[in-house]
Amino acid sequence: MKYKILIIEDEPHIVGILEYLMFDEGYDVSIAYTGEDGLALLEKETIHLIILDLNLPGMNGLEVCNRIKQRWSIPVVILSSRDKDSDVVSGLEIGAEDYIKKPFNHREVILRIRKILNRISRIEQKKDIHIGGLHIHTDRKFVSRDNIPISLTPTEYSLLSYLASRPGWVVSWQVICKEVWGHQDWEGGRELVKVSIQRLRKKIEPDPSQPIYILNEWGRGYKISRPSDHRTPSGEDKT
């Protein structure tokens, strides 16, 4: 399968670098210099991943990302010279898969893009996971709660399935960041994991303010509850 990358960036020299890197990896590339043009391309082309600048003329990158996530389940990697934590958080909260700061290391960009594409393409041959009313259908990469489908992004699914494959285990944000995103000792990793967990809870928890599936232990990390935690003495599900 040949992946197609959409680059939404208004600086021609950055576009040239990214286009060369993507072509060198064997990916097809489409280019848009404004957010409006990028959204128009999504209407008529099959895109597998988007590299999106925040500082765009007209519609800014955060608004573009928000509109993308409202309609498509396509991984978005934000690329920007902005380095404020609020910008990182804003991008992640509306669904971006990753955030790369300018100026960027060429090899790092390739490794991150490759990691995301490999992750979403890998077919996991595992048994379905059932935790109370939460069902993870691993063969189809499909999640439901109480038989109601839940729409997750590829990264959200990877995060959930990673934790669910280790019920009851407490996993640090550093390990989660490395295993799910492929980053090690990344300065923004803690915030990336925190925001992604919050976003996932909003989708899978009956009450995100009182989670019963994804739990955290202060100072240690996160864990997914064990199937036995959701069963009554008679063996019936609580949920």
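What follows is a short chat about the sheets, a pocket and a few local features of this predicted model.

Student: Let's start with the parallel sheet. In what order do its five strands run?
Tutor: The order is E2-E1-E3-E4-E5. The sheet is open, and the pairing is parallel.

Student: Which strands sit at the edges?
Tutor: Strand E2 (28-32) and strand E5 (98-101). Each of them pairs on one side only.

Student: And how are neighbouring strands turned against each other there?
Tutor: By 20° on average, with direction ignored.

Student: Which helix packs on that sheet?
Tutor: Helix H3, residues 61-71. H3 touches E1, strand E3 (49-53) and strand E4 (76-80). The direction of H3 makes about 155° with that of E3.

Student: Back to E1 and E2. How many bridges join them?
Tutor: Five. Strand E1 covers residues 4-8, and the two strands run parallel. As one example, isoleucine 8 has alanine 32 in E2 as its bridge partner.

Student: Switching topic. How many salt bridges turn up in the whole structure?
Tutor: A search finds 14. One of the salt bridges is between glutamate 9 and lysine 102. Their closest N and O atoms are 3.0 Å apart.

Student: Why would that pair be worth a look?
Tutor: Look at where the two residues lie. Glutamate 9 is in the loop between E1 and helix H1 (12-24). Lysine 102 is in the loop between E5 and helix H5 (106-121). The parts they tie together are therefore 93 residues apart in sequence.

Student: What lets side chains like that pair at all?
Tutor: Side chains of opposite charge can pair when their charged atoms come close.

Student: Is the peptide bond from lysine 102 to proline 103 cis or trans?
Tutor: That bond is cis, with omega near -10°. Proline 103 is found in the loop between E5 and H5.

Student: Now the other sheet. How are its four strands arranged?
Tutor: They form an open sheet in the order E6-E7-E8-E9. The pairing is antiparallel. Strand E6 (129-131) and strand E9 (148-150) stand at the edges. Each has a single partner strand, so one side of each is left without a neighbour in the sheet.

Student: What's the average twist from one strand to the next?
Tutor: It averages 25°.

Student: How many bridges join E6 to E7?
Tutor: Three. Strand E7 spans residues 134-137 and runs antiparallel to E6. Histidine 130 has histidine 135 in E7 as its bridge partner.

Student: Which helix lies across E6, E7 and E8?
Tutor: Helix H6, residues 154-164. H6 runs at about 105° to E7. Strand E8 is 142-145.

Student: What about the backbone at aspartate 146?
Tutor: Aspartate 146 has a positive phi of about 55°, although it is not a glycine. Aspartate 146 sits in the loop between E8 and E9.

Student: Last topic, the largest pocket. What's its volume?
Tutor: About 450 Å³. The lining has 15 residues. The closest to the pocket centre are Arg190, Asn216, Trp218, Gly219 and Tyr222.

Student: Which element gives the most to the lining?
Tutor: H8, with six residues. Helix H7 (173-181), helix H8 (189-204), strand E10 (214-217) and strand E11 (221-224) each supply at least two.

Student: How many nonpolar, polar and charged residues are in the lining?
Tutor: Four are nonpolar, five polar and six charged.

Notes. Residues are numbered from 1 along each chain as its sequence is written. This is a predicted model: local features need pLDDT of at least 70, side-chain atom pairs count only at pLDDT 80 or more; totals for chains, interfaces and linings use all residues. Side-chain values use heavy atoms; hydrogens and water are left out. Two strands pair if DSSP finds at least two bridges between them. Axes are lines fitted to C-alpha atoms, for helices over the stretch in contact, and angles run from 0 to 180 degrees between N-to-C directions. Contact means heavy atoms within 4.5 Å. On a 1 Å grid over the protein atoms alone, a cavity is a set of points where a 1.4 Å probe fits but cannot get out, and a pocket is an open set with protein on both sides within 12 Å along at least five of seven lines; lining residues have an atom within 4 Å of a point. Grid points are joined across faces, edges and corners, and a volume is the space filled by probe spheres set on the points. Ala, Val, Leu, Ile, Met, Phe, Trp, Tyr, Cys and Pro count as nonpolar, Asp, Glu, Lys and Arg as charged, and the others, Gly among them, as polar. A salt bridge is a side-chain nitrogen of Lys or Arg within 4 Å of a carboxyl oxygen of Asp or Glu.
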